[in-house]
Amino acid sequence: MGRHFGDLAKVRHVITYTLSPFEQRAFPNYFSKGIPNVWRRFTASVFKVAPPMVLMYLTYTWGNHVHEQGKRKDPKMFENDE
């Protein structure tokens, strides 16, 4: 009755392959290769990402603390008010 949505245009010099989802394994090598790969990638990047994030967090909390101190009023200035 017509072409399917994925076959609307014909592209030259491009080869596409399809595989049925029923012919694939859902989680091949998940425990033997997947988890060690995630751990390797995490340990490789944690020392690049964590120090700037910790520094920014400490700067942010320090700035908020100083801002809150600056908003407080000094009670000595209001001793003689009545």
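1. At 53% relative accessibility, Lys71 counts as exposed; exposed means over 50% relative accessible area, buried under 20%, and partly exposed in between, with a 1.4 Å probe and protein chains only. The side chain of Lys71 forms a salt bridge with that of Glu68, at 3.6 Å from N to O. A salt bridge here is a side-chain nitrogen of Lys or Arg within 4 Å of a carboxyl oxygen of Asp or Glu. Glu68 is partly exposed, its relative accessible area being 43%. The structure holds 1 salt bridge.

2. A word on the basis of these values. The model is predicted: local features need pLDDT of at least 70, side-chain atom pairs count only at pLDDT 80 or more, and totals for chains, interfaces and linings use all residues. Residues are numbered from 1 along each chain as its sequence is written, and side-chain values use heavy atoms, with hydrogens and water left out.

3. The protein has 1 helix and 0 strands. Helices (H or I, at least four residues) and strands (E, at least two) are DSSP runs numbered from the N terminus. Helix H1 covers residues 30–71 and contains both Glu68 and Lys71, which sit 3 residues apart, about one turn of the helix.

4. How does the overall extent of the protein read? Its radius of gyration is 30 Å, whereas a compact globule of 82 residues would have one near 12 Å. That radius is taken over C-alpha atoms, and the globule rule is 2.2 Å times the number of residues to the power 0.38. The C-alpha trace spans about 90 × 40 × 25 Å along the principal axes of the protein.

5. What share of the 82 residues counts as buried? The share is 0%. The protein exposes about 9100 Å², of which carbon and sulfur atoms supply 63%; accessible areas come from the Shrake-Rupley method with a 1.4 Å probe, and for residues only the protein chains shown count as cover.

6. On charge, the protein has 12 positive and 7 negative side chains, and the centres of the two sets lie 27 Å apart. Lys and Arg count as positive and Asp and Glu as negative, while His and the chain ends are not counted. Each charge is placed at NZ of Lys, CZ of Arg, CG of Asp or CD of Glu.

7. Phe27, Tyr30, Phe31 and Ile35 make a nonpolar surface patch of about 510 Å². Patches are made of residues with over 30% relative accessible area and no salt bridge, like charges being joined within 9 Å and nonpolar side chains (Val, Leu, Ile, Met, Phe, Trp, Tyr) within 5 Å. Phe27 lies in the segment before H1 and is exposed, at 65% relative accessible area.

8. Asn29 is also placed in the segment before H1. Although Asn29 is not a glycine, it has a positive phi of about 55°. Its relative accessibility of 38% makes Asn29 partly exposed.

9. Two further positions belong to helix H1. Lys48 lies in this helix and is exposed, with a relative accessible area of 66%. From Lys48 to Ala9 the C-alpha distance is 44 Å, over 39 residues of sequence. Pro51 and Asn37 are 14 residues apart along the chain, with 22 Å between their C-alpha atoms.
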